[in-house]
Each structure stands twice: as structure tokens, then as C-alpha cells.
Amino acid sequence: MNPQLAIIRVTLRRLITRKRMIGFILFASIPALVMLFASTGDRGPERLAELYHSTTFGILLAVALPVIAIVNATGALGDERRSHTMPFLALKPIPRWSIALSTMVASVGATLSVAFVGVGLGWLVAGFATGRWDIGQGPAMAALVAAIGYGTLFVPIGLLTRRATVIGLVYLFLWESSFANAVAALAPTSLGHIALSAYVDLAPGLSFADSLGTLEPGAGKALTKMLVVALVSLAFTTWALHKRDLA
Amino acid sequence: MTMAAPASPTVVLQGVSRWFGQKVAVSEISAEFGAGVTGLLGPNGAGKTTLLRVLTGLIRPSEGTVSVFGFDPRSDYSVYSRIALVPEDENVYGFLSAHEFVAHNARLQKVSDPDGAARRALDMVDLTDVADRKLAGFSKGMRQRAKVAAALVHEPDIVILDEPLNGTDPVQRAHLTRIFIDMGRQGRTVIVSSHVLHEVERMADRVIAMVDGRLAATGTVPALRAAMSDIPLQIRIDCDRPRRLAAALVENDWVGGINVEEASLHIRSLDADQLGRALPGLAQSLDIRITRVDPEDESLESVFRYLVEGR
């Protein structure tokens, strides 16, 4: 196993603890539970599909996934610093960009492992209820896009400040949920709205597509934007590991 | 107070200072480290840990330069294949077993057989029996030993140990001390920070004392003591008539004070040489039988106490 894989493995083990996983999976499974209850009623496939999309986006992708991703990302390197284990990682003959990239991969991986459980459970329930098995494409793509964005952006912030999780939640609930929703021109500055543009591209005709603001639907574009966010975060994390104090 | 620097220094600090806001943690330290064990001494808050962090590149110096094998560790990470740090902090990856932890460090050091190297390192610190137990369940002393194993797993040329004996029992201390001494004898640079002075005295060829972030003294323990000729020496003299001898000695200006007991006296001498020259003559002229003369403060403890309190 090379050093990069070793870092990814240990970071994943640190981020994916049993208690945390149970909590996160329950959180991410709320849309599936809602769908399970809804499917026992007399709603038709169209209404069930609409409910699936609104709960999956409104609960899983707009709240649960960003919160989980922010917790994972801020802890990926931040926990090393806060728990004083950074020497075991930093005092090694490994380029700083490689350490940054490995922890980001772990951060995104930890988030995706939870998100895909939530998306997958919802997809199974919705698939059985509506008979439409392509219904999960939009959520899966949006989850991937969002996990890359949130899961990388907050890694350097976690390294630089102890209040990274609070900063992340303020960004999420103040900036994304309030300002970017209220002002159409601010939508491109919101990771959640970019993820929504991927969602809407693969699941057209959704009622909440109006909240895209000035963004155009496009899964490819959304993925590209998030990869740019990831690259910028990688460069910033590498700089921070190189220039800032690590203890 | 200095002594000759190592012939082939592996670590060189030049004018290193580090401050945090208004607080100066390390001030203008220049020192060289080479093969053998060097003890880094100082009370809490002296700046030892900060200096070791600067030395390893974990934190930047505010001023000055650090060179490890001729390279700055903050810009050339390849030197980390030759360095190991055992940090003071107790925290380790509690979710890993001792073997996993040490093997992980071996992998990050690109050791060719990480599991084999981990087994050997754990055996060296007597943790083989508990190698598969999670570190979270380890005592402080066991964690210390696991950290030492993780540091030594790639057989580094420079080993930096920040309070490595903390939490270990006497048997473990003796064992770890032996390991550090052996590494020094093998020609490795071993830097041990500690406030347990007699242990450092036992293992270190050379001592660097820090006080208030500054370099207070460097040298071997005996050399330090000899160099500090202006430090009052406490000397115990056992004799049959201590009061009479005390009365004769107290007239001399090189005697700082005398404490008389039933069969001995403790002299605080400002000039040990003068005392050594005067004592036989006094004893003979006063017909006093002296049975023992012992310096009471030759230990590093006393030197260190003087450095700390005398400033």
C-alpha cells in the first residue's frame, strides 16, 4: 500500500466511526422513510415521484449531505491538528499536495458513503412505489457533485481554524439557504445550487427548479465547477500545509 | 557557558526565535546537534517543545534558520525519511491497534516491509504481546512506547524525543533509556527533552539547558559544572569538631554560609579551589579529624536549579 492509500484509509477510519455512521445514515435516510410512509397511501406514481424528488433534494441534498460533508471535511485535517496527531502525518517524506489530496479523497469518500446509502434507499423505495427505476439518476449525480464541492472546500478551512464547522454551517444556512435563494444572481456562489443544476438536468420538470436563479441546468457543467472548487481547495490546502504552523 | 559543538553536526540552528503574538517562546537560539544523545532541559514553559517543533519544521521560526542535513525541513520534505519525532502529546490514533499504528507510520515512510518493520519496532519497546490491541485502551506509558516504536520503525538518523519517558514505569524507563543510549552509540543524533533531570543525566552525552526561551548553557554535565565557577558550591564536611571548623572557616570571604550539624557541616563556598587548599591546613592546625568531604550539588539538578533560579 502506498503512502497516499495509507492516509486515505486511516482518515476514513477516523471519520467513519460507528456512532457517527449510524447518526449520519439515519439523517440521510429520512427521505427514504418519508417515501416508505407515503407509498402506503393512495398517492399515484406522479405524486410519489414529485414527493421523492422534493424530499431527496430538500432534506438529503440541501441539509443532510452538506452538514455531513462539512463535518467530515473540517475534520479531515483539522482533527489531526486539534488532537495533536499532525506530526504522525506531516513529518513524513510525502509532498504536501499528496497529503492534501489524500485527505480530500477521504473526506469526499466518507460523505459519499453516507449519501449513497441515503440516495440508494430512497431510490429503492421510490422505484418500487413508482415503477420508474431511472428516478435515482438526478439525486445520485447531485450527491456526487455536492460531496466533491463541500467535501473539498472545507478541508483547508478545517486546517486553518477551530471554528471551521461553525463557519461551514453559517455558510450553509445563512448564505446558501437565505441569500443565494433570495438573490438569483448569488446562486452561482452556492455549492447547493450548483448541485441542484446537476439534479435538474437529469430530472427535468421539477417544481423546485425555479430556485436555480441565474444557473442553467447541466450535470457536466456542475461537475466541472466542483472539480475547479476541488482544485482550488487542493492548492490552498497545500499552501497551508507548507506555510502555516502545523502544531 | 558553552562547550565544543559536535564535529559533524546534523542539525544546526542559527539565531532561531519564535514568538506567538507578544509572547516570546524561543529567543535567538543557536545550537548544533550531532551524533550521540543530547539532553534538552528546562522547566515547563522554557520553550523546549517549541524549539523541537521548530527544529522538525512543524512550526516556522519567526527569525533564524534551521538546517537538517543541510536542508530546511519546511521546504525539503525528503529529510523526513531521516528524522523521527516522538511528540509530547499523549494523543495517538486510538482507533488503530499498536501494530496498525506503527505499520501506518512505516508505510508513510515508504518502508519496504511495513508489517515486518512494525513487528520489530514493537518488539524493541516490549509491546509485542499487545500489538493487536487498540491504542485507545493503552495506558499512558504504553502509548509512549507505541509512539517510540512508530518513530523508530524506519530507523531514522535523527530521533527527537519530547518528554519520552512520561508515564512510563521504572522498568520501562530503564528499557527505553537503554534504547536511546544505544541509538546514540550507533552514531545517530538523539535529542531528548525532559524535565526529569537525573534521567537525562544518565543518558545524555551533552546537555542544552533552556530558561525562558533562551539558551542558558550547553555542555557535558561535568563541563557545565566546571565552567560555572562563580556558582556557589554546597559542600558537606564530616568531622569530629564541626563547630570549631565552622568558626575558623566563616572568617574567609569565599565562604557564603555554614550550617553546622552534630557531626558535619555544610558549607556554601564561593570558591571551591580556595576551600580545597585551606581545608588540610586548618584541620591540621586545629587538630580536627576530617572523615569525609563531598560536594552536595554536582548533580545536573543543582546546575539546572541554579540556572533557573539564578537568573
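Modeller: Two strands pair if DSSP finds at least two bridges between them. Strands are DSSP E runs of at least two residues, and helices are H or I runs of at least four, numbered from the N terminus. This is a predicted model, where local features need pLDDT of at least 70 and side-chain atom pairs count only at pLDDT 80 or more, while totals for chains, interfaces and linings use all residues. Residues are numbered from 1 along each chain as its sequence is written, chains are lettered from A and ligands numbered from 1 in the order in which they are written, and side-chain values use heavy atoms, with hydrogens and water left out.

Biologist: What makes E1(B) and E2(B) a pair?

Modeller: Seven bridges join strand E1 (residues 11-20) of chain B to strand E2 (residues 23-33) of chain B. The requirement is at least two. The two strands run antiparallel. Leu13(B) faces Ala31(B) of E2(B) across the pairing.

Biologist: Which residue takes a positive phi in the hairpin of E1(B) and E2(B)?

Modeller: Gly21(B), with phi near 65 degrees. Two residues lie between the strands there. The hairpin of E8(B) and E9(B) also has two residues between its strands, and Asp212(B) takes a positive phi near 50 degrees.

Biologist: How do you know that E8(B) and E9(B) pair?

Modeller: Strand E8 (residues 206-211) of chain B and E9(B) share five bridges, in the antiparallel sense. Met210(B) has Leu215(B) in E9(B) as its bridge partner. Five bridges also link strand E6 (residues 158-162) and strand E7 (residues 189-194) of chain B, but in the parallel sense. Leu161(B) is opposite Val192(B) in E7(B).

Biologist: Why do E5(B) and E9(B) stand at the edges of the sheet?

Modeller: Take the strand order. The open sheet of six strands in chain B reads E5-E6-E7-E3-E8-E9, with mixed pairing. Strand E5 (83-86) and strand E9 (214-219) of chain B each have a single partner strand, so one side of each has no neighbour in the sheet. From one strand to the next, the twist averages 15 degrees.

Biologist: Which helices lie across strands E5 and E6, or across E3, E6 and E7, of chain B?

Modeller: Helix H4 (residues 140-152) of chain B lies across E5 and E6, at about 170 degrees to E5(B). Helix H5 (residues 170-185) of chain B lies across strand E3 (36-41), E6 and E7, at about 125 degrees to E3(B).

Biologist: Now chain A. How do you know that Thr11(A) is buried?

Modeller: Thr11(A) has a relative accessible area of 2%. Buried means under 20%, exposed over 50%, partly exposed in between (1.4 Å probe, protein chains only). The value of 2% is under that limit, so Thr11(A) counts as buried. Thr11(A) sits in helix H1 (residues 3-15) of chain A. Beyond four places in sequence, its contacts (heavy atoms within 4.5 Å) are Ala76(A), Thr103(A) and Ala106(A).

Biologist: Which residues of H2(A) are buried, and why do they line one face?

Modeller: In helix H2 (residues 18-28) of chain A they are Met21(A), Phe24(A) and Ala28(A). Down the axis of H2(A), they fall within an arc of 70 degrees (directions from the axis to the C-beta atoms), so they line one face. Arg18(A), Lys19(A), Ile22(A) and Leu26(A), on the other side of H2(A), are exposed. The cover over the buried residues includes helices H3 (30-39), H4 (45-82) and H6 (96-130) of chain A.

Biologist: Why is H7(A) called roughly antiparallel to H9(A)?

Modeller: Helix H7 (residues 137-160) and helix H9 (residues 191-202) of chain A cross at roughly 160 degrees, with axes within 8 Å. Angles under 35 degrees count as roughly parallel, over 145 as roughly antiparallel, 65 to 115 as roughly perpendicular and the rest as oblique. The angle is over 145, so H7(A) is roughly antiparallel to H9(A). The residues in contact include Val145(A) of H7(A) and Ala198(A) of H9(A).

Biologist: What makes H9(A) roughly antiparallel to H10(A)?

Modeller: H9(A) and helix H10 (residues 219-243) of chain A cross at roughly 155 degrees, with axes within 7 Å. That is over 145, so the label roughly antiparallel applies to H9(A) and H10(A). Among the residues that meet are Leu202(A) in H9(A) and Met226(A) in H10(A).

Biologist: Why is H4(A) called roughly parallel to H7(A)?

Modeller: H4(A) and H7(A) pack at about 30 degrees, with axes 7 Å apart. The angle is under 35 degrees, so H4(A) is roughly parallel to H7(A). Axes are lines fitted to C-alpha atoms, for helices over the stretch in contact, and angles run from 0 to 180 degrees between N-to-C directions.
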